[in-house]
Structures are given as C-alpha cells and as structure tokens.
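This briefing is meant for someone meeting the structure for the first time. Please keep the sequence and the model in view while reading, and look up each residue as it is named.

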Amino acid sequence: MDANEAWFRSRAWSVSGNRLGGPPDGKRPVVTSLAREIHQPRSVDEVVRIVRALPPSTPIACVSGGHGSSGSALVAAPDAVVLDLVHLKEITFHEDADGPLVTVGAGVVFRELVEALREQRGALPVGTGPGVGVVGYVVNGGLSGYFSRRLGLLGQRVERMTVVTAAGEVRVLGTADPELAAMVGAGSALGIVVDVTIRVAPASAIREAQQRVFGFDSRERAVRFTRGAVRLMRDAILPDPSVSQEIVVTGGGAIVVTTTFFDSFIGDPARFLAPLEELAASLELPLLAAARWGSWYEAAGALWPIIEGQSGDPLAFLCHAVGTRMAPDDAAIDYVCDVMVGEAPLDEAPLSIIEIRTLGGAAGTGRPIPTGNHHHDFFVDIVTMYDAGPKDGAARQAILDRTNGIVDRARTIPGLDVDFSGTHSQPDDPGEPPAAELIFGTPEAAAGIRALKKQLDPADRFRFHPYVRILD
Ligand SMILES: Cc1cc2nc3c(=O)[nH]c(=O)nc-3n(C[C@H](O)[C@H](O)[C@H](O)COP(=O)(O)OP(=O)(O)OC[C@H]3O[C@@H](n4cnc5c(N)ncnc54)[C@H](O)[C@@H]3O)c2cc1C
C-alpha cells in the first residue's frame with residue numbers, strides 16, 4: 001500500500017457510491033487519494049508557509065473530519081496538495097459581554113466538541129456523526145435534526161473565523177465582515193478555515209428527548225406507519241417550535257422516532273408520543289425500545305454507537321436531500337412515503353437510512369446564511385449505504401441506479417426542493433447539478449457567493465467541495 005492509500009484508508013469514512021458503479025463483471029475500482037502531496041500542518045503559521053511555498057495555481061484540498069459524501073477533498077487530483085488539518089485539535093472556552101464562546105480548531109470532530117461542552121454545561125446544534133469535522137459541517141451549512149429548531153444552524157452561531165486565503169494571507173473574520181456569512185454556507189469553496197469561534201447556548205435549552213423504536217417486517221407496513229407519522233409531524237410538531245422530531249427508517253427493519261422537547265415546551269411529552277404508539281399498535285408494529293434522555297449531552301451522543309457500527313471495505317455512501325419551505329402537502333408526503341421509504345434499496349444496501357426531519361424554527365428565523373437549510377421547514381434525506389466488499393459491479397450499479405431513480409422522481413413533484421444542502425447532497429452525481437439558488441437559498445445569495453468566489457479565489461484553488469459544479 002503506498003502512502004496515499006494508507007492515508008486515505010485512515011481518513012476516509014466512506015467512498016462515494018458514484019465511484020463504485022461499473023460493468024457487471026468489472027473489478028471494484030480502488031479509490032484512493034490522487035494528490036501529489038499530503039500535509040498535516042500543526043499551526044496556522046505552518047498552513048501559511050505551505051500555501052505560500054506553492055505556485056499560486058496549485059489546487060488545494062482541505063480535510064477536516066473526512067466525512068464528505070463525495071470524498072472530493074480526500075481524493076483530490078494529481079496536481080493538488082491536500083491539507084489534512086487533523087492536528088488542529090484545540091478547543092478553548094472563553095466569554096464576551098454576550099456570554100460564553102468556544103473556539104474550535106479545524107481538526108476537531110463532533111465527539112470531541114460534545115465531550116468538551118458537557119463539562120461546561122453548554123449545548124450546540126451539533127451533527128449526529130461523532131467523527132464529522134466541526135469545520136467541514138459549518139462551512140457547508142450543516143444542520144442538526146434534533147437541535148436546530150431551537151439553537152439554529154451551527155453556522156448561525158459563528159462569531160469569528162480564522163481563514164487562510166488563496167494568496168496565503170491570514171484573515172480573522174468577525175460578524176461585521178460580509179465574508180463571514182458566506183464562509184458558513186460556502187466556505188469550503190472560499191478559503192482554508194483554521195479555527196472557528198461559536199456562541200455557546202446553555203445545556204438547559206434542551207429539556208429532554210424521547211426515542212421510540214418500532215420494528216417492521218414488510219415495506220408496505222413501514223410505508224403506512226411513516227405516512228401516519230409524517231402527517232402527525234406536519235399537523236402537531238411543525239406548528240410548535242418548542243418541539244422537533246426525526247423519523248428514521250432503517251435498512252435493519254426499524255423505524256426510530258426521536259422527539260426533542262426544548263426549554264419553551266410546556267405540558268406532557270405524552271401528547272406527542274401516545275399518538276405514535278397508537279399508530280404503531282394499529283399496524284401491529286412492535287415497540288422494540290423506548291428511551292428518555294434528560295440532557296442535551298445524552299441526546300447529542302445517542303446515535304454514536306450505531307454510526308460507529310457502520311463500516312465496509314469500503315463503505316459505499318450516497319446522500320441526497322428533499323424538502324419543503326413550508327409544511328409538506330399530501331403530494332410531498334406521499335412521495336416521501338411511497339417512493340423514498342417504499343422503494344429505497346434498503347434490502348440491497350441494508351445500512352441505508354431515510355431521515356425525515358422538522359427544520360425551520362430558529363434555523364429559519366436566525367441570522368441569514370447562504371444555505372438551503374436556512375429556508376426549509378421539512379427536510380428528508382436518503383442515505384444509501386452498503387459494504388462494497390462482497391458486492392459485484394452489477395449489484396453496486398443497481399443500487400446506484402435505484403437511488404438515482406428515486407431522486408430524479410423527486411424533481412417532478414411540485415413544491416419539493418431537491419439537493420438544497422451542502423452537507424446532504426452528492427456533488428459528484430452525473431447529470432444536471434443542483435440549482436445554485438436552491439443550495440445557497442436564494443438567487444441573491446447564489447449571485448453573492450459566485451462574485452465572492454471570483455474575488456477571493458480567482459484561480460479556483462479551492463475546487464474540492466460540494467459546490468464544485470455550480471461555481472465553475
Ligand atoms: C455519519 C455521518 C453523519 C452526519 N451527520 C450530519 C448531520 O447531522 N448534519 C449535517 O448537516 N451533516 C451531517 N453529515 C454530513 C457532514 O456534515 C458533511 O459531509 C460535512 O461536510 C463533513 O465534514 P468533514 O470535515 O467530516 O468532511 P471532509 O471530507 O473533511 O470535508 C468536507 C468538505 O468540507 C471542506 N472542508 C473541510 N475542512 C475545511 C477547512 N478547514 N476549510 C475549508 N474547507 C474545509 C472539504 O474541503 C470538503 O469539501 C453527516 C455525515 C456522516 C457521514
């Protein structure tokens with residue numbers, strides 16, 4: 001194994017399913033990093049030295065947590081230099097007149113941030129993956145299905161950011177700099193983020209979360225349960241900003257419903273949980289598990305053991321999002337249930353999940369940032385995952401085709417937006433790329449990011465990111 005391959009294996013969580021398709025009898029392609037150099041700088045000065053020592057046209061790929069869906073920064077290109085920021089692990093808590101802040105280095109992953117916040121009795125709208133890079137999530141507009149309705153998108157809480165530009169200059173951006181807002185929705189295309197300073201919320205913002213796990217033995221029953229549960233979500237949860245909910249249909253035959261109650265919630269959580277249990281009972285779906293978490297910390301780490309159990313040789317990964325800007329109508333709900341849940345390749349790709357989430361709330365009313373996630377109240381992602389090791393080319397291609405067929409049909413449903421999220425889209429898909437105004441939220445935001453890209457990175461050094469085909 002050469003050095004690039006060893007590094008790629010140690011840093012890539014998954015490989016894009018688009019790179020694993022192929023002819024039925026074809027060999028499985030070896031996916032690795034193509035970069036000509038891989039650096040692991042230990043300070044901002046070292047980042048600057050590396051950038052300034054390179055010819056100004058050399059492409060640069062930044063890696064934080066290595067969880068990007070296309071793996072474009074990890075794979076890079078033969079003329080590119082990778083900056084693997086894994087050693088920038090500092091987490092510092094401090095305060096200003098408005099309250100507590102945390103400064104996080106570009107190598108910090110969510111598990112480390114969550115553990116540190118626990119000691120400070122703080123809370124943030126963190127992503128579910130323990131190994132996801134905090135900066136890789138922030139610069140692509142990341143969302144929290146559990147917490148964003150109360151705490152906003154993590155990018156909306158960013159107060160300061162240290163960035164090394166394409167020219168090798170260090171800039172410290174604050175909220176008065178218009179570039180800061182761009183960096184928290186499209187930053188992976190604009191610069192090298194060395195650290196980010198985020199406003200911390202009190203842990204008391206989250207009162208409790210409750211999870212119910214129901215089993216299903218036929219897809220038809222999963223569809224029927226999901227349709228009832230999503231209607232309950234639309235009618236009872238979406239109008240109430242003191243609650244959020246995520247319904248996850250898994251390839252393992254379980255439907256996991258997590259309901260989070262915020263500090264503004266008054267009353268008995270049973271109001272939302274009993275109708276779900278009654279729905280499951282009416283369809284004879286067994287209740288496999290019930291849990292209650294009394295703190296932000298417990299809810300933040302609840303999925304870590306499951307996610308850590310997902311592996312493959314390599315693990316194939318495809319991610320797509322659909323959603324609506326207001327409550328979904330019946331046609332959107334029918335598409336989500338009949339097509340996404342009903343036809344997803346859950347049997348062939350058993351690690352797959354469909355995550356159906358409320359968004360909006362503070363994510364919609366908070367500081368505007370250029371991401372579709374700021375504009376959507378209802379969000380569904382279809383994550384296709386499988387161990388590519390034992391599968392032949394025909395099986396891998398069939399999973400890819402089935403997933404693409406489902407996403408293509410979403411584009412025909414009026415009112416349903418497709419692939420509007422930098423953290424939940426698949427930028428290496430063939431065919432039409434997502435619309436820039438969807439992924440950055442509005443036509444004005446898209447025009448602003450395009451102009452800034454030309455100004456800050458005229459040679460397009462930063463070209464390994466989710467917006468690659470819309471910022472060419
Ligand atoms: C198991 C799992 C769980 C997830 N959960 C969530 C979730 O709950 N919510 C959500 O929104 N998303 C979620 N995601 C998606 C994830 O947030 C995005 O893929 C994110 O971009 C990954 O960041 P990373 O640093 O781990 O990946 P990387 O592959 O290292 O980086 C991803 C992109 O960000 C760029 N980038 C990374 N670091 C920097 C930097 N320092 N400066 C400039 N650009 C940089 C890279 O160049 C690349 O383009 C999840 C993904 C997985 C696999």
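Predicted model: local features only at pLDDT ≥ 70, side-chain atom pairs only at ≥ 80, totals over all residues.

A polar contact, as the term is used here, is a pair of N or O atoms within 3.5 Å, where within protein one atom must be able to donate a hydrogen and the other to accept it. By that rule the side chain of serine 188 makes a polar contact with the side chain of asparagine 140, at 2.6 Å.

**The surroundings of the ligand**

- The ligand has 33 residues around it, and those that come nearest are Cys62, Gly65, Leu143, Thr423 and Phe464.
- Sorted by class, this shell holds 16 nonpolar and 17 polar residues, while charged residues are absent from it.
- Three elements, β3 (60-63), α5 (134-138) and β10 (192-199), each supply at least two residues of the shell, and the largest share, three residues, comes from α5.
- In terms of domains, the shell draws at least three residues from domain 1 (3-84) and at least three from domain 2 (91-203).

**Polar atoms facing the ligand**

- The side chain of threonine 423 has an N or O atom that is 2.8 Å from an oxygen atom of the ligand.
- Glycine 68 takes part through its backbone, with an N or O atom lying 3.0 Å from an oxygen atom of the ligand.
- Threonine 128 likewise has a backbone N or O atom that lies 3.0 Å from an oxygen atom of the ligand.
- On its own the ligand has 960 Å² of accessible area, and the protein covers 95% of that area.

**Cysteines and disulfides**

- A disulfide is a covalent bond between the sulfur atoms of two cysteines.
- With a cut-off of 2.5 Å between cysteine sulfur atoms, the count of disulfides in this model comes to zero.
- Cysteine 319 is in no disulfide, and the nearest cysteine sulfur, that of cysteine 337, is 19 Å away.

**Two serines in loops**

- Serine 188, whose contact with asparagine 140 opened this briefing, lies in the loop between α7 (178-186) and β10.
- Is serine 188 buried or exposed? Its relative accessibility is 18%, so serine 188 counts as buried, given that the cut-off for a buried residue is under 20%.
- Serine 33 is placed in the loop between β1 (15-16) and β2 (37-39), and at 4% relative accessibility serine 33 counts as buried.
- A polar atom in the side chain of serine 33 lies 3.4 Å from the backbone nitrogen of alanine 35.

**Backbone features in loops**

- Aspartate 313 and proline 314 are joined by a cis peptide bond, with omega about -5°, and proline 314 has its place in the loop between α11 (304-308) and β16 (315-324).
- Alanine 76 has a positive phi of about 50° although it is not a glycine; this alanine 76 is found in the loop between α3 (72-75) and β4 (81-84), and with a relative accessible area of 11% alanine 76 is buried.
- Aspartate 419, also not a glycine, has a positive phi of about 55°; the place of aspartate 419 is in the loop between β19 and α15 (436-439), and at 3% relative accessibility aspartate 419 counts as buried.

**Sequence separation and distance in space**

- Isoleucine 413 lies in the loop between α14 (393-410) and β19 (417-418) and is buried, with a relative accessible area of 19%.
- Along the chain isoleucine 413 and alanine 331 are 82 residues apart, while their C-alpha atoms are separated by 7.5 Å.
- Isoleucine 247 belongs to strand β13 (residues 243-250) and is buried, with a relative accessible area of 0%.
- Isoleucine 247 and proline 29 are 218 residues apart in sequence, and from C-alpha to C-alpha they are 34 Å apart in space.

Notes
Residues numbered from 1 in each chain as written. Heavy atoms only, no water. Near = heavy atom within 4 Å. Areas by Shrake-Rupley, 256 points an atom, 1.4 Å probe, with all protein chains shown as cover. Helix = DSSP H or I, 4+ residues; strand = E, 2+ residues; numbered from the N terminus. Nonpolar A, V, L, I, M, F, W, Y, C, P; charged D, E, K, R; others polar. Domains from an automatic or database assignment. Buried < 20%, exposed > 50% of the residue type's maximum accessible area, 1.4 Å probe, protein only.
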